Amino acid sequence: MGEETPVQEESVLSSTVEEQVVTEPIASVEPVSEEVKLAAEVEAVALSAEDNTVEETFQDVEPEVRTVEVQPAIDSAATGVTYQKRSDGMPQFMYDAVAKIAPEQGFTPGQFEINFESGSGKGDGFVAEMFRAAITEGDRKLVVLCKIPPINDARRQQFGSMPIFDREVTAYSNLLPIMYEFQREKGITEEMNIGFFNAPQCYLAYVDAPKEESVIIMDDLRLKDYRMWNKMVPVNYEHARLLMIQLGRLHAVSLALKDQRPEVFEQFKVPDPLSAMMGANEGFTMMMNLSIDRATTVLEPHEEKARQKLIKLKETMFDDIATITSPDYAEPYAVLGHGDCWINNMIYSYKRGVPTGVVLLDWQICRYVSPALDLLYFIFGCTDEAFRRQHYDEMIRIYYDSLKQLLEKLGGDPSRQFPYTALLRQLKACGKFGILMAVFMVPMLCTENQDLPDMDEAAEKYKESQEFDTSFIANVKSEDKYKSRMAAVIRDVIRYGYL
C-alpha cells in the first residue's frame with residue numbers, strides 16, 4: 001500500500017501491481033485424490049492501488065461462474081485440525097485442488113508444474129488467506145488465485161472460518177448461478193450490461209468442514225486490468241455511482257425471484273451470520289466495545305448529546321445488530337444482500353482512465369436482510385463527510401432507479417414490491433447499522449496494512465493468554481484522519497435521524 005495521494009472528486013486510481021507472477025519451481029504434480037469434492041465459486045482479490053491516477057487504458061472483462069455440485073453444509077467444524085503440508089509449506093488439499101483444474105484448462109496430466117506465492121498481505125483479513133498459483137507447461141501459463149481458511153489453526157478457530165466458507169461456496173455454487181439463469185430466461189444477458197452478473201469467474205470451489213478444508217479458485221482480475229481503490233482514500237463519485245447501480249441490480253433480481261419463483265427463492269433466505277459471530281466471539285466483542293469507546297473520544301466537548309447517544313448504543317449494540325439483520329425486520333422487502341460491502345471487497349475496470357465496471361468480491365457474509373444494509377455499510381464506512389453532504393440523496397436515488405429499471409425488465413412491479421418510500425423507511429429503521437459498521441471499519445480504513453497486527457501472531461497470543469490485539473483500534477497511526485472521518489460519521493448519522 002502506497003502513501004495517500006490527494007485526489008479531486010473525478011480522479012481515479014492506478015496500480016503498480018506487477019503483471020507477471022514470480023514463482024519458485026516445486027516438485028512435479030501428483031495425481032489428484034478422488035476424495036476431493038468440488039463446488040463452484042470464486043472471488044478476485046487484488047492489491048490496493050498506490051495512488052489515484054490512471055496511466056493506462058483498461059479493458060472490460062465479463063465475469064462468469066461455473067456451477068458444480070456442492071457438499072452439504074456442516075453446522076460446525078471440528079477443532080484442532082492441522083493441515084498436511086507439502087515441502088513448500090502449502091496445504092496438500094490446496095495443491096490437489098489446483099491440480100484438479102489444470103487438465104480442465106487444457107494442461108497435460110503429469111506434464112505441468114504448480115508454483116505458489118502469497119496473494120495477500122498483513123492485515124488483509126481475519127477468516128481467509130489468499131495465494132496465487134501459477135500452472136505452467138512449456139510456454140503456457142495460467143495464473144489463478146486460491147482462497148483458503150487460515151493455515152494457522154489458532155486463527156482458523158478463533159474467527160470461525162469454516163461456516164463462513166461454507167456460506168460462500170453455497171453463494172457461488174447455487175445462489176448466484178440461479179440469479180444469472182433467471183435473468184437470461186427473461187432475456188437479460190451479460191453482454192447487455194443491464195443486469196447483475198458482477199461476481200468473479202470461478203474455476204473450482206469445495207468445502208469439507210470436518211477436515212476444515214475449503215478452496216476457492218478464481219481468476220486473477222488484476223491480470224485483466226482490474227484495480228482496487230486505495231482504502232485509505234474516501235471513495236469518489238464515479239466509483240460510488242457504479243456500486244450503487246450494481247447493488248440496485250443485485251437486489252432487483254432477489255425481489256423478482258422472490259415474487260415469481262417463491263419455491264426457488266426459499267434457499268436464498270440464508271440467516272445473517274454477523275450477530276452470532278460478534279456476540280459469541282470474544283475477539284469481535286472486544287473489538288466492537290473498544291471501537292465504540294474509541295469513537296466517543298473524537299467528538300468536541302460541546303457534542304455531549306452525541307457522545308451520550310454513542311454510550312447508549314454500546315449498551316444495546318448486539319441487540320440492535322440482531323434486530324436490524326433479522327429478515328422479519330425488513331419484510332416484505334428483504335433480499336439477498338452482499339453483506340460485506342466495503343471498498344476492499346470490490347474491484348474496478350477502466351477505459352481510458354474512467355471506471356466502467358465493478359465486480360463484487362467476498363460473498364462470505366451474504367444474507368437475507370434489508371436492502372438498506374448494503375447501502376448503509378458502504379456509504380458511511382467508505383465515503384467522507386463532504387461526499388455525503390453533496391451526494392447522499394443522489395446515491396440513494398441512483399440505487400433505486402437501477403433497481404426499478406431491472407425489476408421492471410424482469411417482469412416485476414417496483415411500486416408494489418419495493419416503492420421508493422419503503423426504501424426511505426428501511427434506511428431510517430436500519431440507520432444504526434451504518435455507524436455500527438463504521439466504528440469497526442474506520443480504524444482499519446485509516447491504518448496502512450503494514451501497521452495492522454499480524455493475524456496469526458494475534459491468534460496465537462489469544463490462544464495462550466486470552467489477550468486480543470486491539471492496538472490498531474486504540475492507536476490509529478493516522479490519528480487526525482481517523483478523528484475527522486469518525487466524527488463526521490457520527491454527526492451525519494445523527495443528522496439523518498438514524499441515531
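Predicted model: local features only at pLDDT ≥ 70, side-chain atom pairs only at ≥ 80, totals over all residues.
Local features need pLDDT of at least 70 and side-chain atom pairs count only at pLDDT 80 or more, while totals for chains, interfaces and linings use all residues. Residues are numbered from 1 along each chain as its sequence is written, and side-chain values use heavy atoms, with hydrogens and water left out.

Q: How many helices and strands does the secondary structure of the protein contain?
A: Helices (H or I, at least four residues) and strands (E, at least two) are DSSP runs, numbered from the N terminus. On this basis the protein has 16 helices and nine strands.

Q: What percentage of the residues in the protein is buried?
A: A residue is buried under 20% relative accessible area, exposed over 50% and partly exposed in between (1.4 Å probe, protein chains only). Of the 499 residues in the protein, the buried share is 60%.

Q: How are H4 and H9 oriented to each other?
A: Helix H4 spans residues 237-260 and helix H9 residues 372-382; they pack at about 165°, with axes 11 Å apart. Axes are lines fitted to C-alpha atoms, for helices over the stretch in contact, and angles run from 0 to 180 degrees between N-to-C directions. Angles under 35 degrees count as roughly parallel, over 145 as roughly antiparallel, 65 to 115 as roughly perpendicular and the rest as oblique. H4 is therefore, relative to H9, roughly antiparallel.

Q: Which residues of H9 make the contact with H4?
A: Contact means heavy atoms within 4.5 Å. From H4, the contact involves Ala240, Leu243, Met244, Leu247 and His251. The H9 side is formed by Asp374, Leu375, Phe378 and Ile379.

Q: How are H9 and H13 oriented to each other?
A: Helix H13 covers residues 432-445, and its axis lies 8 Å from that of H9. The angle between H9 and H13 is about 40°. The two helices, H9 and H13, are therefore oblique.

Q: Is Asp480 buried or exposed?
A: Asp480 lies in helix H16, residues 479-495. Because its relative accessibility is 64%, Asp480 counts as exposed.
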